Amino acid sequence: VTIIVHVKNNMAWSISELSVPEGASLSVAGNTMAANDICTSHSGKSFTLTFKMGEASHTVEFSSHMMNSNKVTLTLDGKLKKEMEGALHLDFNPMALCIGDECMMWP
């Protein structure tokens, strides 16, 4: 079972869909947050998100671009980087983070 939140947002880049498996938790700055709260309060901002499920714990750093507010760099577990733009559709699972149709395995 997943939780999917759709947010229409006119800001720069945004998290328009966030899906996590049942039993997983998300936190920002050590504070557990619901998926919909992350979509509405953190879109367009730089922050680090922690995904935990069972023994697995992973981080995704969202770094907004200063020169182009529509772009963001995602860094998985401090190692793997991917530049994205626009509305992001994120699907977290213990093996990978899927962004739209592309999946990035946790390093």
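Which residue forms a salt bridge with Lys 71, and how far apart are the closest N and O atoms?

Modeller: The partner is Glu 83, and the closest N and O atoms are 3.6 Å apart. The two residues sit in distant parts of the chain: Lys 71 is in strand 7, Glu 83 is in strand 8 (residues 80-85), and 12 residues separate them. A salt bridge here means a side-chain nitrogen of Lys or Arg within 4 Å of a carboxyl oxygen of Asp or Glu. Strands (E, at least two residues) and helices (H or I, at least four) are DSSP runs, numbered from the N terminus.

A word on the source. This is a predicted model, in which local features need pLDDT of at least 70 and side-chain atom pairs count only at pLDDT 80 or more, while totals for chains, interfaces and linings use all residues. Residues are numbered from 1 along each chain as its sequence is written, and side-chain values use heavy atoms, with hydrogens and water left out.

Back to the pair. Lys 71 has a relative accessibility of 22%, so it counts as partly exposed. Glu 83 is also partly exposed, at 44%. The scale is simple: buried is under 20% relative accessible area, exposed is over 50%, and partly exposed is in between (1.4 Å probe, protein chains only).

The structure holds two salt bridges. The other joins the side chains of Lys 82 and Glu 102, at 3.3 Å from N to O. This pair again links distant parts of the chain, with Lys 82 in strand 8 and Glu 102 in strand 11 (residues 102-105), 20 residues apart. Lys 82 is partly exposed at 26%. Glu 102 is partly exposed at 37%.

Now stay on strand 7, which spans residues 71-76 and includes Thr 73. Thr 73 has a relative accessible area of 17%, so it is buried. Its side chain makes a polar contact with the side chain of His 65, at 2.8 Å. A polar contact is a pair of N or O atoms within 3.5 Å; within protein, one must be able to donate a hydrogen and the other to accept it, and residues adjacent in sequence count only if both atoms are side-chain atoms.

Leu 74 is the next stop. Beyond four places in sequence, its contacts include Val 60, Phe 62, Lys 82, Met 84, Leu 90 and Ile 99. Leu 74 also belongs to the largest nonpolar core, a set of 25 residues. Such a core is made of buried Ala, Val, Leu, Ile, Met, Phe, Trp, Tyr and Cys residues joined through side-chain atoms within 4.5 Å. Ile 15, Leu 18, Phe 62, Leu 74, Leu 90, Phe 92 and Leu 97 touch the most other members. Elements giving two or more residues to this core include strand 7, strand 2, strand 9 and helix 1 (35-42). Nonpolar side chains tend to be buried together in soluble globular proteins.

Two of those elements lie side by side. Strand 2 and strand 9 (residues 87-92) pair in the parallel sense over five bridges. Pairing requires at least two DSSP bridges between the strands. Leu 18 stands opposite Leu 90 in strand 9. Eight of the eight residues of strand 2 (residues 14-21) are buried, so the rest of the structure largely encloses this strand.

Together with Trp 13 and Phe 47, Phe 62 forms one aromatic cluster. Rings of Phe, Tyr and Trp (its six-membered ring) pair if their centres lie within 6.5 Å; planes under 30 degrees apart count as stacked, over 60 as edge-to-face and the rest as tilted. That rule gives five aromatic pairs.

Asp 77 has a positive phi of about 50°, although it is not a glycine. Most residues other than glycine have a negative phi. With a relative accessible area of 22%, Asp 77 is partly exposed.

How values were computed
Contact means heavy atoms within 4.5 Å.
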